[in-house]
Amino acid sequence: MIYEIVPAIIAKTQDELDQAIGKVKGFAGKIQLDVMDGKFVRNTSFLFDFKLPPLKAMLEAHLMVDHPLAWIEKHASKVDLILFHKESKDPIAEVIRGVKVRKRKVGIAINPDTPVKDIAGFLEMVDQVLVMTVHPGFYGSPFVSEALDKVTRLRKLMPQLAIEVDGGITDKTILKAAGAGANLFVSGSFILRSENPEKAYALLVKLAGPLAP
């Protein structure tokens with residue numbers, strides 16, 4: 001099993017995005033862009049026509065929006081993988097098709113209160129599943145340990161599935177998430193708001209397991 005740490009970026013302007021990318025581009029193998037529309041969650045992020053510098057890192061977009069298809073139409077070419085929420089308003093199968101026709105990888109995300117059975121019929125169609133371990137929308141929200149039961153259930157259902165956890169991932173919680181069966185760990189504030197983002201990232205790598213080359 002490959003373990004990977006994924007710094008998460010929230011940005012309301014191009015300047016904020018450039019600063020955040022600058023903090024992690026030298027060491028992160030994968031970076032997540034947290035897209036928020038102010039409706040699906042109360043916060044907003046990436047609602048501008050953003051530009052990304054050339055990067056060696058893989059980019060994934062986590063769409064916390066009511067209508068992911070609209071974002072996919074406009075921005076899919078900028079990222080490698082798109083994660084959308086089961087709880088969004090667009091039909092799940094249509095969103096999966098919308099990503100795949102644009103030749104991008106696709107993943108489905110669920111909030112802490114959403115049961116695994118609600119996405120079980122789609123697991124064979126996606127490349128990744130993201131389990132929220134906070135109620136989404138902001139950096140630094142409290143970790144919901146009960147959500148890890150979903151990770152364990154998903155790992156039993158799909159032993160080879162890429163399972164990502166997102167929210168409240170720190171040096172205090174990452175081993176719990178890894179023990180539940182996650183292999184991808186999104187960390188926002190612990191890395192981005194650290195005095196030394198690279199050191200914070202390296203600590204999570206050391207705790208969770210070997211980072212993919």
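**Notes on the predicted model**

1. Seven helices and nine strands make up the secondary structure of the protein; helices (H or I, at least four residues) and strands (E, at least two) are DSSP runs, numbered from the N terminus. The model is predicted, so local features need pLDDT of at least 70 and side-chain atom pairs count only at pLDDT 80 or more, while totals for chains, interfaces and linings use all residues. Residues are numbered from 1 along each chain as its sequence is written, and side-chain values use heavy atoms, with hydrogens and water left out.

2. Overall dimensions. Taken along the principal axes, the C-alpha atoms fill a box of roughly 40 × 40 × 30 Å.

3. Burial and surface. Of the 213 residues, 54% are buried; buried means under 20% relative accessible area, exposed over 50%, and partly exposed in between (1.4 Å probe, protein chains only). The protein exposes about 9900 Å², and carbon and sulfur atoms supply 52% of that area. Accessible areas come from the Shrake-Rupley method with a 1.4 Å probe; for residues, only the protein chains shown count as cover.

4. Contact range. Among contacts with a separation of 6 or more, 62% are between residues 24 or more positions apart. Contact here means heavy atoms within 4.5 Å.

5. Helix packing. Two packed helices are described by the angle between their axes and the distance between the axes. Helix 2 (residues 68–75) and helix 3 (residues 92–100) pack at an angle of about 5°, and their axes are 10 Å apart. The two helices are therefore roughly parallel to each other. Axes are lines fitted to C-alpha atoms, for helices over the stretch in contact, and angles run from 0 to 180 degrees between N-to-C directions. Angles under 35 degrees count as roughly parallel, over 145 as roughly antiparallel, 65 to 115 as roughly perpendicular and the rest as oblique.

6. Residues of that contact. Helix 2 contributes P68, L69 and I72, and helix 3 contributes E94, V95, G98 and V99. By class, the residues of this contact are five nonpolar, one polar and one charged. Ala, Val, Leu, Ile, Met, Phe, Trp, Tyr, Cys and Pro count as nonpolar, Asp, Glu, Lys and Arg as charged, and the others, Gly among them, as polar.

7. H75 lies in helix 2, and its relative accessibility of 4% makes it buried. Not counting residues up to four places away in sequence, H75 touches F48, D49 and F50. A76 is in the loop between helix 2 and strand 5 (81–85) and is buried, with a relative accessible area of 4%. Leaving aside neighbours within four places in sequence, A76 is in contact with W71, I82, R102 and R104.

8. V65. This residue sits in the loop between strand 4 and helix 2. V65 is buried at 5% relative accessible area. Beyond its neighbours within four places in sequence, V65 is in contact with V35, M36, D37, F40 and S88.

9. Positive phi. Which two loops hold F46 and K103? F46 is in the loop between strand 3 (44–45) and strand 4 (58–64), and K103 is in the loop between helix 3 and strand 6 (105–110). F46 has a positive phi of about 60° although it is not a glycine, and K103 likewise has a positive phi of about 60° without being a glycine. F46 is buried at 1% relative accessibility, whereas K103 is exposed at 73% relative accessible area.

10. K51. The loop between strand 3 and strand 4 also holds K51, which is exposed, with a relative accessible area of 56%. Apart from residues up to four places away in sequence, K51 touches Q14, L17 and D18.

11. I174. Helix 5 (residues 174–180) contains I174, which is buried with a relative accessible area of 0%. I174 and F185 are 11 residues apart in sequence and 7.5 Å apart in space, C-alpha to C-alpha. With residues up to four places away in sequence left out, I174 touches I5, I169, F185, L204, L207 and A208.
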